[in-house]
Amino acid sequence: MTQILPLGDLHSHTTWSDGGATVAEMALAAEALGHEYLAVTDHSPRLKVARGLTRERLIAQWDEIDAVQQELQVRLLKGIEVDILSDGALDQGTDVLARLDIVVASVHSGLDDDPATMTRRMVAAVANPHTTVLGHCTGRKRRPDKTWRPESRFDAEMVFAACEMFGVAVEINSRPDRADPRLELLDLANDIGCLFAINTDAHSPEQLGYQPLGVARAMEAGIHPDRIINTWPMEQLLRHAHRFASAR
């Protein structure tokens, strides 16, 4: 199996939402790890508990990203982790989403929706031309009290077929409290022909170091490096992210 060597991370959070470090601190940590690029993907407005970014705050964040970029070699990509709403719409204006480099679409509410509803939500989000990555698709999480938040129920074959059709990468979330999705679902997505993104979902600089955990899971699933979009050179990655630009 060919070694998987990610060139960057497409899912990270800063103090603009619920992260514990500034854009500059996260960028410095990414540069120290040898990353060529880092996407800053703070939460969208509906996730108020995480201080999700309104349209105005998201646009203001771009000025800070531009200022930090002048001091560092690592390329900072402007992004968002946007909530998938109850009807499958994305929780930010389409004109703003069109100006971003990376859009990670994730479910953060209604995690116990019935399978048919959850499947419709996720397929609609994947079909949105702004979506780059489907984030932590099952929503499972290990809580500090050692109990598990169970997986959301959905038609995985249908959702992954939509990801393959629309070129949306299935996130391999490297956080040890998520390890999302599980191996059986990774195998299914791989068999269907999906693209992937090995991300840390980091909320602090040290959490950027979780990426090898996701690499190990991708290796276990036998995923070829060419199918992992954050092993691609930045120019190729951005061309793919903007593949539907004319439809936006």
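Strands, labelled E, are DSSP runs of at least two residues, numbered from the N terminus. In this predicted model, strand E3 covers residues 75-83 and holds Lys78.

Start with that lysine. Lys78 has a relative accessible area of 19%. Buried means under 20%, so Lys78 counts as buried. Its side chain makes a polar contact of 2.9 Å with the side chain of Asp66. Beyond its neighbours within four places in sequence, Lys78 also touches other residues, including Val40, Trp62, Ile65 and Leu100. Asp101 and Ile102 are among its contacts too.

Now turn to the salt bridges. The whole structure has seven. One of them pairs Asp95 with Arg55, with the closest N and O atoms 2.9 Å apart. Asp95 sits in helix H3 (residues 94-97) and Arg55 in helix H2 (residues 55-69), so this pair ties together parts that are 40 residues apart in sequence. Asp95 is partly exposed at 41% relative accessibility. Arg55 is partly exposed as well, at 32%.

Arg121 bonds with Asp113 in another salt bridge, where the closest N and O atoms are 2.8 Å apart. Arg121 is buried, at 2% relative accessibility.

Next comes Arg182. Its salt bridge with Glu151 brings the closest N and O atoms to 2.7 Å. Arg182 lies in the loop between strand E8 (169-173) and helix H6 (183-192), while Glu151 lies in the loop between strand E7 (148-149) and helix H5 (156-166); the pair therefore ties together parts 31 residues apart in sequence. Arg182 is partly exposed at 30%, and Glu151 is partly exposed at 26%. Glu184 joins these two residues in a network of salt bridges.

Terms used
Residues are numbered from 1 along each chain as its sequence is written. This is a predicted model: local features need pLDDT of at least 70, side-chain atom pairs count only at pLDDT 80 or more; totals for chains, interfaces and linings use all residues. Side-chain values use heavy atoms; hydrogens and water are left out. Helices (H or I, at least four residues) and strands (E, at least two) are DSSP runs, numbered from the N terminus. Buried means under 20% relative accessible area, exposed over 50%, partly exposed in between (1.4 Å probe, protein chains only). A polar contact is a pair of N or O atoms within 3.5 Å; within protein, one must be able to donate a hydrogen and the other to accept it, and residues adjacent in sequence count only if both atoms are side-chain atoms. Contact means heavy atoms within 4.5 Å. A salt bridge is a side-chain nitrogen of Lys or Arg within 4 Å of a carboxyl oxygen of Asp or Glu.
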